[in-house]
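This report walks through selected features of one model, from its helices to its charged pairs. Please keep the sequence and the structure in view while reading.

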Amino acid sequence: MAAPLMEKLSESLGSPEPAVRLILSILIGYPCALVYRRVLFHQPATVVHLFHTISGLALAAFNFGAQLYHSAVCILVQFLMLRLMGRTVTTVLSSFTFQMIYLLAGYYYTATEEYDIKWTMPHCVLTLKLVGLSFDYYDGGKEPSQLSSEQKNSAVQSVPSLLEVCGFSYFYGGFLVGPQFTLRSYQRLVAGELTDCPGKPPNSAVPAMKRFAVGFVCVVIYTIFSPYYPDNYFLTDEFEAQPFWYRCIFMLLWVKIILYKYVSCWLIAEGVCILSGLGYNGVVDGKHQWDACANMKVWLFETTPLFAGTIASFNINTNAWAARHVFKRLKFLGNKMLSHVTTLLFLSIWHGLHSGYFMCFSMEFLIIIVERQAQALVRDSPLLTKLANSALYPLIYVVQQFIHWLFMGYALVPFCLFTYDKWLQVCSSVYFCGHVFFLTALLIMPYLRKALVPKKERSQKKQE
């Protein structure tokens, strides 16, 4: 009965059935959050864990059928590691190795040349969650003086039960598309601590609906415009026949539209977390904050002319996870650049085995390096500083935005087309303009600095 109904619904909406199931599953989180608030808020932790586990499993079954066993196996193995191996480095390494190998094996055996919604999609979210749990459990055995404030907030002090780990893993607000959150945050949710009214469900309906509304607008934008900017158009003879300027403009508009697919899902899922209380983030300047699970800074995303700004505004919780559990824990290497490269390599592998992911993140590294050098050049050059603060700034801003979104599109083409033959065809069709632009900028930056920055300023920077 459900299958024919979903087929008819997907046909009427003009969307693939797996995508319709996914968005419906994210929306179902709202009534689930209401049940928790109205019925289960004052219930024992065991009851809440059970509700989160059953609701999450139901969503997994609705989307992936019997393949939900993959998540169950990994959760059980993770629990046994914590119980049997204790708070040791071996536990962390074993967890990281097992969970990543399982995920990569899933990618290998299910990979196609298209973007498919299958069990590996939520499993990559679960992988980070379980690996993060092993780190937090390990930190819980350290002396507080050995931990950063961030690690203190997430350290797990007691051994979690299997039901608790299941509730944490299958929580309806984060199981399918994120966001990432720690077991300590989940424990505080279950204990009724994440509320602006102690002892009562949070007054979070309005902030939750605001995020839902913005997410819904993004869904509408994507639904209306994505048919005009399909990924496969890049591979057509018609695209190849277009003039160079048209191909660049198409790439710029394409990336702006395609990203709304991710933005909309994250915003709607964040609304679920806020409604349940998981998004509560304390009080700042007398105002209650609901951004603990924010995966998007929408205003920054829409207005920043910087690549670093887009990265800071997009998929925030995953980036924070990578910074906390990969970049910062590589401090022993004594080299920030090496830590940065290793973190981006990890993110590439975590996304999948296609060459497009590696090309995308290597391009990100190149862009960020050049952008930092360019910002330093503008800051240290009196002429460029004066120009940046002049009446020409609106024009400079427009040029920045054009460059920003053009090369965002250039970097994300490999990410979305996956395979070497496809993204190479597209990049060559625009004459590898992204690589040429940023490699040239990297080469000439020292000469620009020598010409535009006073000698005294250059000397001070070298001493620093």
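## Helices and annotated spans

Helix H2 (residues 17-40) has 24 residues, so at 1.5 Å a residue it should span 34 Å, and its end C-alpha atoms, 32 Å apart, agree with that. The expected span is 1.5 Å times one less than the number of residues. Helices here are DSSP runs (H or I, at least four residues), numbered from the N terminus.

This is a predicted model: local features need pLDDT of at least 70 and side-chain atom pairs count only at pLDDT 80 or more, while totals for chains, interfaces and linings use all residues. Residues are numbered from 1 along each chain as its sequence is written, and side-chain values use heavy atoms, with hydrogens and water left out.

The buried residues of H2 include Arg 21, Tyr 30, Tyr 36 and Arg 37. Buried means under 20% relative accessible area, exposed means over 50%, and partly exposed lies in between (1.4 Å probe, protein chains only).

An unreviewed UniProt entry annotates "transmembrane region" over several spans, among them 20-36, 89-109, 212-229 and 391-411. Such annotations may be inferred rather than shown by experiment; their positions are in the numbering used here, with feature names shortened. In the model, residues 89-109 are 100% helix and 0% strand, with end C-alpha atoms 30 Å apart. Residues 391-411 are 90% helix and 0% strand, and their end C-alpha atoms lie 32 Å apart.

## Helix H10

Arg 211 lies in helix H10 and is buried at 18% relative accessibility. Which residues does Arg 211 touch, not counting those up to four places away in sequence? They are Leu 267, Glu 270, Gly 271, Ile 274, Met 296 and Val 298, where contact means heavy atoms within 4.5 Å.

Ile 224 also belongs to H10 (residues 205-225) and is partly exposed, with 46% relative accessibility.

## Backbone in the loops

The peptide bond from Gly 178 to Pro 179 is cis, with omega near 15 degrees. Pro 179 sits in the loop between helix H8 (162-170) and helix H9 (183-190). Asn 315, in the loop between H14 (307-313) and H15 (316-327), has a positive phi near 55 degrees and is buried at 11%. Phe 432 has a positive phi near 50 degrees and is partly exposed at 32%.

## Salt bridges

Side chains of opposite charge can pair when their charged atoms come close. The whole structure holds ten salt bridges, each a side-chain nitrogen of Lys or Arg within 4 Å of a carboxyl oxygen of Asp or Glu.

| Pair | N to O distance |
|---|---|
| Glu 150 and Lys 328 | 3.1 Å |
| Glu 302 and Lys 256 | 2.9 Å |
| Arg 379 and Asp 380 | 3.7 Å |

Glu 302 lies in helix H13 (residues 298-303) and Lys 256 in helix H12 (residues 244-276), so this pair ties together parts 46 residues apart in sequence. Glu 302 is partly exposed at 29%, whereas Lys 256 is buried at 17%. Asp 139, Lys 142 and Arg 329 are linked in a network of salt bridges.

How values were computed:
Helix = DSSP H or I, 4+ residues; strand = E, 2+ residues; numbered from the N terminus.
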